[in-house]
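I opened this entry to keep track of what I looked up in one structure, going from the whole chain down to single residues.

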Amino acid sequence: MLRRLVALTLVTATALHAQIIGGPGPTSNFMPFGGFSNVGTPPATIYQQLFSAESWSAPVTFTGVRFFRASNAGAYRSGTYSVFLSTSSRTVQGSNTLSITDFDSNRGADNTLIGTLTLGGNAEATLTFTGGSFSYNPSMGNLLLD
């Protein structure tokens, strides 16, 4: 039986909700294809989110990551985006949380490409990255969405 991780956050008019296909829910997320990810000089090019291994009671295979538009309007930041999943030794809270300067150190050795899309223009109601699959064992660490 597939369980789903549904991430709900209303950040801006261009924000999306995210769902890791095969995971539990709910938790919060931020849409990495527009909105606040355009802040900074240069704008952010890497987005990572860590999900606690405690959310899963057994190993699971993910077959994609799906994003949902949070409002009736919004546009993508034009570009080519790749979504990866991996097991991470980083912790959700405490002294070993995600590094914001060394993104590679957050990724596990099992870093797996889930899908790549080229985006631009108006955001669709649903955006799904598929093509690869990732076998996740929560006893090995937390899940990183990259």
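**Whole chain**

I began with contacts in the protein chain (heavy atoms within 4.5 Å), and among those between residues at least 6 apart in sequence, 69% join residues at least 24 apart. I noted that this is a predicted model, in which local features need pLDDT of at least 70 and side-chain atom pairs count only at pLDDT 80 or more, while totals for chains, interfaces and linings use all residues. I also noted that residues are numbered from 1 along each chain as its sequence is written, and that side-chain values use heavy atoms, with hydrogens and water left out.

Next I looked up the elements, which are DSSP runs numbered from the N terminus (helices are H or I with at least four residues, strands are E with at least two). The protein chain has 0 helices and 8 strands.

I then turned to burial, where buried means under 20% relative accessible area, exposed over 50%, and partly exposed in between, with a 1.4 Å probe and protein chains only. Of the 146 residues in the protein chain, 40% count as buried.

**Strand β5 and its partners**

I looked up which strands pair with β5, given that two strands pair if DSSP finds at least two bridges between them. Strand β5 (residues 79-88) is antiparallel to strand β6 (residues 112-119), and 7 bridges join the two; I found that Phe 84 has Leu 113 in β6 as its bridge partner. Strand β8 (residues 142-145) also runs antiparallel to β5, with 4 bridges, and there Thr 87 is bridged to Leu 143.

Is Thr 87 buried or exposed? I found that Thr 87 counts as buried because its relative accessibility is 11%, and its place is in strand β5. The side chain of Thr 87 makes a polar contact of 2.7 Å with that of Asp 110; such a contact is a pair of N or O atoms within 3.5 Å, where within protein one must be able to donate a hydrogen and the other to accept it, and residues adjacent in sequence count only if both atoms are side-chain atoms. Leaving aside residues up to four places away in sequence, Thr 87 touches several others, including Arg 107, Phe 134, Tyr 136 and Met 140.

Met 140 sits in the loop between β7 (126-136) and β8, and I recorded that Met 140 counts as exposed, since its relative accessibility is 61%.

**Aromatic rings**

I looked up ring pairs last, where rings of Phe, Tyr and Trp (its six-membered ring) pair if their centres lie within 6.5 Å, and planes under 30 degrees apart count as stacked, over 60 as edge-to-face and the rest as tilted. The structure holds 5 aromatic pairs. One of them is the stacked pair of Phe 62 and Phe 134, at 6.5 Å centre to centre with 10° between the planes. Because Phe 62 lies in strand β4 and Phe 134 in strand β7, this pair ties together parts that are 72 residues apart in sequence. Phe 62 is buried at a relative accessible area of 0%, and Phe 134 is buried at 2%. Ring pairs link Trp 56, Phe 62, Phe 134 and Tyr 136 into a cluster.
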